[in-house]
Amino acid sequence: MANRCAVIGVGQTKYQTKRRDVSIAGLVREAALRALEDAELTFTDIDAIVIGKAPDLFEGVMMPEVYLADALGGAGKPVTRVHTAGSVGGSTALVGASLVQGGVHDRVLVVAFEKQSESNATWALSTHLPFTASLVVGAGGYFAPHIREYMRRSGAPGHIGTLVAVKDRLNALKNPYAHLRIPGIDRAMVESTPMLWEPIRYLETCPSSDGACAMVLAAEHKVTGTPAWIHGGAMRSEPIFRAGRDTVNPQGGKDCAADVYRQAGISDPRREIDVAEVYVPFSWYEPMWLENLGFAGEGEGWKLTEAGATALSGDIPWNASGGVLSSNPIGASGLIRFAEAALQVRGRAGEHQVEGARRALGHAYGGGAQFFAMWIVGSDRP
Amino acid sequence: MPSDHPPAPEESSAESLVAEHVLEFPGGYTRTTGPVIGRFLTELREGRIVGVRTAAGRVLVPPLEYDPETGDPVTGEYVQVGPAGTVRSWAWVGTPRKGHPLDRPFAWALIELDGAGTALVHAVDAGTVKAMRPGLRVRPRFRPEAERAGHITDIACFVPEVSTMAAPIRTEYRVRPGRSLARFLEGVRDGVFLGGRCAHCDKVYVPYRTTCPECGSTIGEEVELPDTGTVTTFAINNLPDPRAPQVPFVSAYVVLDGADVPMIVLLGDVPARDVRQGMRVRAVWVPPEERTLSMGNIRWFAPTGEPDVRL
């Protein structure tokens, strides 16, 4: 049985297209100092640091964790880098938590970042090796066929993706850290934007952001302030090409959810979870993950979205913060989901607080929907 | 009428008379600077920027002889400022005119030099209008000492401080296809798709590979697959790609007949609108004499015309 662990500090930068005023080191330090300030601690109180970010090709800095040790007060301490593609932020939190749960450290700082403005993620995700002819252009080019297959299987009407795109951006207007804050966002505006990778429209995709997010995780005897207790955490992965792999409803995601619900004692996620921060970089992934995560039966996820169940006013708000659709510093995007889940159960989410949230899901996925990381946090000590 | 003389409708009318006229005092006017402006220009010739302090303590840059607030003479205290400063506001000049300080697009900017209580008007050589913003930090670019004359143009212009640098990174690889991909490409050269059957899972993988991603077993059995298959799903890409013949182009998951995993391929000979999930397709090969050890041997996959497969 793992030792108890809780989030006692959260820090975020304002997510935006370009942070021209800071280096990568300055960016991660800003988030780290805010998390420490929230926890009323300093770098000297931290035992170990776990850094997450997506591929090095995004900024062209090889092994950035080595260079970032100074900025994070890491001299003389264990500094570890995690990389699981887009799910890395979630994995970073879980690796940090495991150091506390395993009794190795008392306080761990987890930080994840991306400074997308230093290059172009679509370029970095579309490098073509000789001898092959992959023809996949960026993440959208990869995910569009799987969304099309979801639409075919479920019979979901074409406007469901638009509803999510609007809902998450309306939530973003309540989150001061959100990147995309689009006054007057509505279905007509989303529908007026061009199809990039049909069936994905421009405003149904996530932005490219610069930003960092950090959390302080503490062992039970070091918990201070208002903690978000970790009730369960799990990671899963699966090979991108394997016979019979379900790319619409991946087994890795189902297994990961089942594991994390078992740890948290959850049998009906829709009823027992108050708010979920789920990695939805393309709007159609909300109904897809509603099914994958057991909030709806197979083929039924889109009906929850259509009925408004996932809106801030619905019975199971998804991405009250605006989600990845509103802020996407890729390496940090998963950690932001985990951090926003923690903020909700700490009652610290500000204007996008879900009233009375006691238990929240943080979720991230990455690669070709083949890496999954999830945690359940709660206001009650488990 | 001479042909090089443009016809004027009312050539004889006095109202159409035009003449160029230049008014320029021979050798140019002088300006006697007085002690305050003179000090500023003298310092400028030395490569320094000074302001003058008013009785109220404000530092005027460029200096004035009389305090605009009170009309009193300024104090005799000169204060070195800058050289860096902050752009407070600006106007972009997209088409410089003769007499402008720069021959390329630039900004006229109000620049508050560090330590100054007023802003100075000067040109900012920012390269592009996108680089300009209030709060931009800039530094003067002085002319070479021998060219300085004690004039505001001793500062050729201001330039933004360094906030980004280019980081050219290039890694060069020598890539070999590896045994399994090399074997697959040999098949493609000969006009066939080679797959491998996992004896343990009884699944056929294509392109040919030597280990099973499901169970990790070594794949020993080579399977020759037909060049026909079924589109399981696809994307219509509206973003240009150098490898695609046109925009939009369709990238599709095609399960070759007898295979258990899809290949991602380009579809052709069919309008994007007409592509369907379940559509039957066949590889379109380049002529045998043009084939190499390359996926380029397959132009794209095109509809066979057979009825769609129910997925």
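What radius of gyration does chain B have, and what would a compact globule of 311 residues have? In this predicted model, local features require pLDDT of at least 70 and side-chain atom pairs count only at pLDDT 80 or more, whereas totals for chains, interfaces and linings use all residues. Residues are numbered from 1 along each chain as its sequence is written, chains are lettered from A and ligands numbered from 1 in the order in which they are written, and side-chain values use heavy atoms, with hydrogens and water left out.

The radius of gyration of chain B is 37 Å, whereas a compact globule of 311 residues would have a value near 19 Å; this radius is taken over C-alpha atoms, and the globule rule is 2.2 Å times the number of residues to the power 0.38. Along the principal axes, the C-alpha atoms of chain B fill a box of roughly 100 × 70 × 40 Å. For chain A, a compact globule of 382 residues would have a radius of gyration near 21 Å, and the value of 19 Å agrees with this. The C-alpha trace of chain A spans about 55 × 50 × 45 Å along its principal axes.

The secondary structure of chain A consists of 13 helices and eleven strands, and that of chain B of two helices and 16 strands. Helices (H or I, at least four residues) and strands (E, at least two) are DSSP runs numbered from the N terminus. In chain A, 62% of the 382 residues are buried; in chain B, the buried share is 37% of 311 residues. Buried denotes a relative accessible area under 20%, exposed over 50%, and partly exposed the range in between (1.4 Å probe, protein chains only).

Contacts are defined by heavy atoms within 4.5 Å. Of the contacts in chain A between residues at least 6 apart in sequence, 78% join residues at least 24 apart. In chain B, residues 24 or more positions apart account for 51% of the contacts with a separation of 6 or more.

The accessible surface, computed by the Shrake-Rupley method with a 1.4 Å probe, is about 13,100 Å² for chain A, with 53% supplied by carbon and sulfur atoms. For chain B the surface comes to about 18,700 Å², of which carbon and sulfur atoms contribute 52%.

Several local features lie in loops. In chain B, cis peptide bonds join V61(B) to P62(B), with omega about -5 degrees, and V247(B) to P248(B), also with omega about -5 degrees. P62(B) is located in the loop between β2 (59-60) and β3 (78-80), and P248(B) in the loop between β12 (228-237) and β13 (249-256).

Positive phi values occur in two residues other than glycine: N319(A), at about 60 degrees, and D269(B), near 55 degrees. N319(A) belongs to the loop between α11 (301-307) and α12 (323-326) of chain A and is buried, with a relative accessible area of 0%. D269(B), in the loop between β14 (263-267) and β15 (280-285) of chain B, is exposed, with a relative accessible area of 55%.

E172(B) is situated in the loop between β8 (155-160) and α2 (178-189) of chain B. This residue, E172(B), is exposed, with a relative accessible area of 65%. The side chains of E172(B) and R170(B) are joined by a polar contact of 2.9 Å. A polar contact is a pair of N or O atoms within 3.5 Å; within protein, one must be able to donate a hydrogen and the other to accept it, and residues adjacent in sequence count only if both atoms are side-chain atoms.
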